[in-house]
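This briefing summarises the fold and the side-chain contacts of one protein model. Please view the sequence and the structure together before reading the points that follow.

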Amino acid sequence: RSFGVAADAYDVHRPSYPPQALQWALGVRPRTVVDVGAGTGILTRLLLDLGHEVIAVEPDAAMRARLATRSADATCLAGTAEDIPIADASVDAVVAAQAYHWFDRDRAHAEFARVLRAGGLFVPVWNIRDTDVPWVADLKRLNDRLDGTTGTHDGWRLDRDVGPLFTPVERRVFDHSMRLAADDVVAMMHTRSSYLTAASEQRAQFDGDLRHLLAGLPPTFDVPYRTVAYRARRVVGG
């Protein structure tokens, strides 16, 4: 719930997702899709553009208000991955963009299985910055230090098995990028939970180090991502 105070900036500065990732995961025919942990509706809008009917579920009131304003064609509901306020077996897919690592997985899996029709799809998706690019690796180290973590953030790694109610997980990776200026990257990093929950002294140190890092880049530059998409199907008769 730390994101609500930055809802407007989150919506402007966070990246969207490559359409081909959702086409791979969901197919091309229109479906009824729940976007769970929908935030400000970044993925919701892409799903709408691809022709899907979208039910966006988000617990944070500020994020949800921004979503409702920007995604008027979606149904917007208060709820969580563990408590989705829709009927049993009523949707074709559940997607979670940049959100699944926040869920109580066992409870969420059971809830996804409840709302999905037999054969329906569970699709978690992440944008992961490409740390094979040296300056992006340096950016990750700055964020890890702010977050008090080391090594690779593995929240996006999904086991091959999400329980007996789903088929084994399939995975596909897509290249993606955003063309930004230094100020855009600073604004984007200010929407991360590690920054939003940090002490003011930690924020100031991070901002100074980040500005120093970005000063060596051109006026605008590509921020490279690898978009990791997964899919698993609701077992028929499970």
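The model is a predicted one, in which local features need pLDDT of at least 70, side-chain atom pairs count only at pLDDT 80 or more, and totals for chains, interfaces and linings use all residues. Residues are numbered from 1 along each chain as its sequence is written, and side-chain values use heavy atoms, with hydrogens and water left out. Helices (H or I, at least four residues) and strands (E, at least two) are DSSP runs numbered from the N terminus.

**Sheet**

- Seven strands form an open sheet with mixed pairing, in the order E3-E2-E1-E4-E5-E7-E6; two strands pair if DSSP finds at least two bridges between them.
- The edges are held by E3 and strand E6 (170–181), each of which has a single partner strand, so one side of each lacks a neighbour in the sheet.
- On average, neighbouring strands are turned by 20° against each other, direction ignored.
- Strand E1 (residues 32–36) runs parallel to E4, and three bridges join them. Asp-35 stands opposite Val-95 in E4.
- Helix H5 packs on the sheet and touches E1, E4 and strand E5 (116–129), with its direction at about 135° to that of E5. Contact means heavy atoms within 4.5 Å. Axes are lines fitted to C-alpha atoms, for helices over the stretch in contact, and angles run from 0 to 180 degrees between N-to-C directions.

**Helix H2**

- The buried residues in H2 include Ala-21, Leu-22, Trp-24, Ala-25 and Leu-26. Buried means under 20% relative accessible area, exposed over 50%, and partly exposed in between (1.4 Å probe, protein chains only).
- Among the elements that cover the buried residues of H2 are E1, helix H3 (42–49), E4, E5, E6 and strand E7 (220–233).

**Aromatic pairs**

- A search of the whole structure gives ten aromatic pairs. Rings of Phe, Tyr and Trp (its six-membered ring) pair if their centres lie within 6.5 Å; planes under 30 degrees apart count as stacked, over 60 as edge-to-face and the rest as tilted.
- One of these pairs, Trp-24 with Phe-174, is tilted, at 6.4 Å centre to centre and 55° between the planes. The pair links distant parts of the chain, since Trp-24 is in helix H2 (residues 19–26) and Phe-174 in strand E6, 150 residues apart. Both Trp-24 and Phe-174 are buried.
- Tyr-100 and Phe-103 make an edge-to-face pair, 5.9 Å centre to centre with 90° between the planes. Tyr-100 counts as buried because its relative accessibility is 0%, and Phe-103 is buried at 14%.
- One aromatic cluster is formed by Tyr-100, Phe-103, Phe-112, Phe-122, Trp-126, Phe-166 and Tyr-230.

**Salt bridges**

- The structure holds twelve salt bridges, each defined as a side-chain nitrogen of Lys or Arg within 4 Å of a carboxyl oxygen of Asp or Glu.
- In the salt bridge of Asp-104 with Arg-107, the closest N and O atoms are 3.9 Å apart. Asp-104 is partly exposed, at 36% relative accessibility.
- Asp-130 and Arg-226 meet in a salt bridge (3.5 Å, N to O). Asp-130 lies in the loop between E5 and helix H6 (134–147) and Arg-226 in strand E7, so the pair ties together parts 96 residues apart in sequence. Asp-130 counts as buried at 13%, whereas Arg-226 is partly exposed at 34%.
- Arg-179 forms a salt bridge with Asp-222, the closest N and O atoms being 3.5 Å apart. This pair links distant parts of the chain, with Arg-179 in strand E6 and Asp-222 in strand E7, 43 residues apart. Arg-179 counts as exposed at 54% relative accessibility, and Asp-222 as partly exposed at 40%.

**Backbone in the loops**

- Ala-89, a residue other than glycine, has a positive phi near 50°. Ala-89 lies in the loop between strand E3 (75–77) and strand E4 (91–97) and is partly exposed, with a relative accessible area of 43%.
- Gln-98, also not a glycine, has a positive phi of about 60°. Gln-98 is placed in the loop between E4 and helix H5 (105–115).
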